[in-house]
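Please keep the structure open while going through the numbered points.

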Amino acid sequence: MTTTRRRFLKLGGAMLGTLATAALWPLQALAARPDDAFRSKTLTDLEKLLGGKPTESADIDFKTPDIAENGAVVPVSIESNIPGTREIMILVEQNPNPLSAVFVIPDGTRPAVSTRIKVAQTSNLIAVVKADGQLYSATKETKVTLGGCGG
Amino acid sequence: MAGKMRVRARTKNGITEVKALMSHPMETGLRKDTDGNPIPAHHITDVEVKLNDKVVLTAYWGGSVSQNPFLSFEIEGGEADDTLSIMWKDNKGESQTEQVTLK
């Protein structure tokens, strides 16, 4: 098959399209799992990786139990009222690895998630919200009567 | 492989509420068995939810999400016959996808 000029132009156009898409990717929030953040062993190390200490915000509705009888199943729900929320993270300060979950929220999805997490011992639970590149947080303490990581 | 994923999606007043219950051991890798040998990590690392072809939620998880993970969130929109799919992938490369059709 010979490559005609028309075919060649078509191919070039398709390639340009691909390039343009690739260039747009970094604008999207987190396109891959932040493995280093999940490996962090302290809140301080984790905050360094996330890009600083978040600002406490009253615009995050963070629901957690005050007392968890079973630390292996602690229901948490986070709703952000901060405009431009792109990521919601759940941190457990006293867990061996504080970062538990990261949720990436595109346009059209409400910035509200609920899940269940393990809390090893009585700890502060921190909801971190990334909105317009800034970090915000809300903190709640959960007392654990039975640890979430026992044998 | 563990059991099936359960997904429920309900559209009301232009908002679709999604609830999923996945079936997974979610081993942290930090626990030891009764003989004191470490139990290797085995947990979901990535979750992707799509409404038709559009990604509506991406989640990255560590081992501290509870066993048989529960996830709930809401999407703006969603119409009858739209397809909602949830896919998870774990640290051993296993994955599972479940689809539901909106009513």
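1. Strand β4 (residues 54–61) of chain B pairs with β3(B) in the antiparallel sense, over six bridges. Pairing here requires that DSSP finds at least two bridges between two strands; helices (H or I, at least four residues) and strands (E, at least two) are DSSP runs, numbered from the N terminus. Within this pair, B:E48 stands opposite B:T58 in β4(B). The two strands form a hairpin with two residues between them, and B:N52 in the turn has a positive phi of about 50 degrees.

2. The model is predicted, so local features need pLDDT of at least 70 and side-chain atom pairs count only at pLDDT 80 or more, while totals for chains, interfaces and linings use all residues. Side-chain values use heavy atoms, with hydrogens and water left out; residues are numbered from 1 along each chain as its sequence is written, and chains are lettered from A and ligands numbered from 1 in the order in which they are written. The scores of the model are ipTM 0.95 and pTM 0.86. For chain B the average pLDDT is 95, and 98% of the residues score at least 70; pLDDT is the predictor's confidence in each residue, from 0 to 100. Where pLDDT is low, the predicted coordinates should not be read in detail.

3. Strand β3 (residues 44–51) of chain B is largely enclosed by the rest of the structure, because six of its eight residues are buried. Buried means under 20% relative accessible area, exposed over 50%, and partly exposed in between (1.4 Å probe, protein chains only).

4. Chain B as a whole has zero helices and seven strands, and 47% of its 103 residues count as buried. Its C-alpha trace spans about 55 × 20 × 20 Å along the principal axes. One residue of strand β2 (residues 15–21) of chain B is B:K19, which counts as partly exposed because its relative accessibility is 29%. B:K19 and B:L71 are 52 residues apart along the chain, yet their C-alpha atoms are separated by 5.8 Å.

5. Chain A has three helices and nine strands, in the sequence pattern α-α-α-β-β-β-β-β-β-β-β-β. Of its 151 residues, 38% are buried. A:N124 lies in strand β8 (residues 123–131) of chain A and, at 28% relative accessibility, counts as partly exposed.

6. Which strands make up the open sheet of six? The order is β2(A)-β4(A)-β7(A)-β5(B)-β2(B)-β1(B), with antiparallel pairing. The edges are β2 (60–63) of chain A and β1 (6–12) of chain B, each pairing on one side only. Neighbouring strands of this sheet are turned by 10 degrees against each other on average, direction ignored; the axes are lines fitted to C-alpha atoms, for helices over the stretch in contact, and angles run from 0 to 180 degrees between N-to-C directions.

7. On the chain A side of this sheet, four bridges join β2(A) to β4(A), which run antiparallel, and A:F62 stands opposite A:I78 in β4(A). Strand β4 (residues 74–80) of chain A also pairs with strand β7 (residues 109–117) of chain A, antiparallel and over six bridges; there A:I78 stands opposite A:V113 in β7(A). In a regular strand the side chains alternate between the two faces of the sheet. β2(A) has a covered face, A:I60 and A:F62, and an uncovered one, A:D61 and A:K63.

8. The second largest pocket is lined by 19 residues, of which A:F38, A:N97, B:H43, B:G62 and B:G63 lie nearest its centre. On a 1 Å grid over the protein atoms alone, a pocket is an open set of points with protein on both sides within 12 Å along at least five of seven lines, and lining residues have an atom within 4 Å of a point. Helix α2 (residues 35–39) of chain A gives the largest share of this lining, three residues.

How values were computed:
1 Å grid on protein atoms, 1.4 Å probe; cavity = no way out; pocket = protein on both sides within 12 Å on 5 of 7 lines; lining within 4 Å.
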